[in-house]
Amino acid sequence: MKELDPLLHSQLRLGIISLLISVKEAEFTHLKDETNSTAGNLSIQLQKLKEAGYIEIEKTFKDNYPQTTCKITKLGIKAFENYVKDIQQYIKPKK
Amino acid sequence: MEEQNINPEQSMQIIQSMINRAQNNVSDNGFYFIFWGWLVFATSLMFYFTLKMDMQYGWLVWSLMPLGGIYTGIYSYYQHRKYNPDVQKKVKTYAEIYLGYLWIAFGISIFTILFMMGKLGEATYPLVINLYAIGTFVSGGILRFKPLIIGGACSFAIAIFSFFTPFENQVLLIALSLLVSYIIPGHLLRNKFKSQ
C-alpha cells in the first residue's frame with residue numbers, strides 16, 4: 001500500500017485543500033469560518049502547505065485592512081488527486 | 001478542527017463535507033436580476049403606455065437603460081472595494097467567473113441586436129426576449145438554481161410566441177418575460193442567499 005501524503009493526511013490541512021480545490025481563491029477569514037479553526041492554527045497549517053508549494057498565499061491591503069488570499073497551485077491539485085487515489089486503496093473492500 | 005490522527009474514512013468525509021460546503025453556498029444575492037428585472041419591466045410598461053397614447057418621443061424612456069448601467073457599475077465597484085464585512089468578497093468561486101463571461105456575452109449581443117434594429121424589424125424584440133431567456137437559463141445552470149432555469153425556459157417560449165405578435169404587444173411580452181425569468185427568480189434567489 002502506498003504511503004499517504006503526510007502533508008494532506010491531517011484534518012485541517014485536508015480541509016483547507018478540499019475547500020480551495022472547489023473555488024478560485026478564498027480569503028483567510030473564509031477558510032477560518034468554514035474549517036472552524038483558530039487563526040493561529042490555520043496560519044501554521046497554511047504556511048506548511050505553502051512551503052510544500054501546494055498553495056499560494058497573497059498578502060495585500062484592501063482599504064488599509066490586511067487581507068490574505070489563498071489559492072491552490074497545480075502541484076496542490078496534483079497532490080490532492082494523488083491523495084484521493086491513494087486513499088481509495090484503503091477504502092476499497094479487500095478481495 | 002483539531003490536529004489529530006485521522007483514518008481514510010474520515011479523510012473522505014472531510015473532503016466531501018468541504019466540497020459540499022463550497023457548492024451549496026449561493027454566491028449571488030440576486031441584486032442584478034432584481035434590479036434589471038424591475039427596471040426593464042417598468043420601462044417596457046411605460047413604453048407600452050407611450051405607444052398607446054401615440055406620444056412622439058416615447059422611445060426616450062429607454063434612456064433609463066444607460067442610467068441603470070451606470071448605477072450597476074457603481075454598485076459592483078463598491079461591492080468589491082468597500083470594506084464592509086457583509087458585502088466584502090471572501091471567496092471567489094468559478095461560478096462567478098463563468099457568470100461574468102455569460103453577462104459580457106449578453107451585453108455584447110443585446111447591443112448588436114438593438115444596433116441592428118433597422119435590419120431586424122419586428123424580429124428585434126423576440127430576439128431580445130430570447131436573449132433574456134439565455135441569460136437566466138444559463139445562470140440558473142451555473143448557480144444550480146431551478147427557478148432561474150424554469151424562468152429562462154418560460155422566456156424561450158415567450159420569445160417564440162412573440163414572433164407572431166404585433167409590435168405593441170411584444171412590448172408587453174418583454175414585461176412578462178422579465179417578470180417570470182428575472183423578478184420572481186431574482187427575489188427567490190435573494191431569499192435563499194439571505195437564509196444561508
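Guide: Helices (H or I, at least four residues) and strands (E, at least two) are DSSP runs, numbered from the N terminus. Read along its sequence, chain A shows the pattern α-β-α-α-β-β-α. This amounts to four helices and three strands.

Visitor: What kind of model is this?

Guide: This is a predicted model, in which local features need pLDDT of at least 70, side-chain atom pairs count only at pLDDT 80 or more, and totals for chains, interfaces and linings use all residues. Residues are numbered from 1 along each chain as its sequence is written, while chains are lettered from A and ligands numbered from 1 in the order in which they are written.

Visitor: What percentage of the residues in chain A is buried?

Guide: A residue is buried if 20 or more other C-beta atoms lie within 10 Å of its own, exposed if 12 or fewer, and partly exposed in between, with C-beta atoms placed from the backbone. In chain A, 34% of the 95 residues are buried. The C-alpha atoms of chain A fill a box of roughly 60 × 25 × 20 Å along the principal axes.

Visitor: How should I read the pairing of strands?

Guide: Strands of a sheet pair through backbone hydrogen bonds, either parallel or antiparallel. Two strands are counted as paired if DSSP finds at least two bridges between them. Here, strand 2 (residues 55-62) and strand 3 of chain A are antiparallel and share eight bridges; within this pair, Ile55(A) has Ile72(A) as its bridge partner. The hairpin of these two strands has two residues between them, and Asp63(A) there takes a positive phi near 50 degrees. Strand 3 (residues 65-72) of chain A is also joined to strand 1 of chain A by two bridges, again antiparallel, and Glu27(A) stands opposite Thr69(A).

Visitor: In which order do the strands of the open sheet stand?

Guide: The order of the four strands is 2(A)-3(A)-1(A)-1(B), with antiparallel pairing. Strand 2 of chain A and strand 1 of chain B stand at the edges with a single partner strand each, so one side of each has no neighbour in the sheet. From one strand to the next, the twist averages 20 degrees. Helix 3 (residues 39-51) of chain A packs on the sheet and touches strand 2 and strand 3 of chain A.

Visitor: Where do strands of the two chains pair?

Guide: Strand 1 of chain A pairs with strand 1 (residues 91-93) of chain B in the antiparallel sense, over three bridges. In this pairing, Glu25(A) stands opposite Lys92(B).

Visitor: How many residues of chain A are in contact with chain B?

Guide: Two residues are in contact if their C-beta atoms, placed from the backbone, lie within 7 Å. By this rule, 26 residues of chain A are in contact with 24 residues of chain B. Helix 1 of chain A gives the most to its side, with six residues. For classes, Ala, Val, Leu, Ile, Met, Phe, Trp, Tyr, Cys and Pro count as nonpolar, Asp, Glu, Lys and Arg as charged, and the others, Gly among them, as polar. The side of chain A that touches chain B has nine nonpolar, eleven polar and six charged residues.

Visitor: How are helix 6 and helix 8 of chain B oriented to each other?

Guide: Axes are lines fitted to C-alpha atoms, for helices over the stretch in contact, and angles run from 0 to 180 degrees between N-to-C directions. Angles under 35 degrees count as roughly parallel, over 145 as roughly antiparallel, 65 to 115 as roughly perpendicular and the rest as oblique. The axes of helix 6 (residues 124-143) and helix 8 (residues 167-195) of chain B come within 10 Å and cross at roughly 5 degrees. These helices of chain B are therefore roughly parallel to each other.
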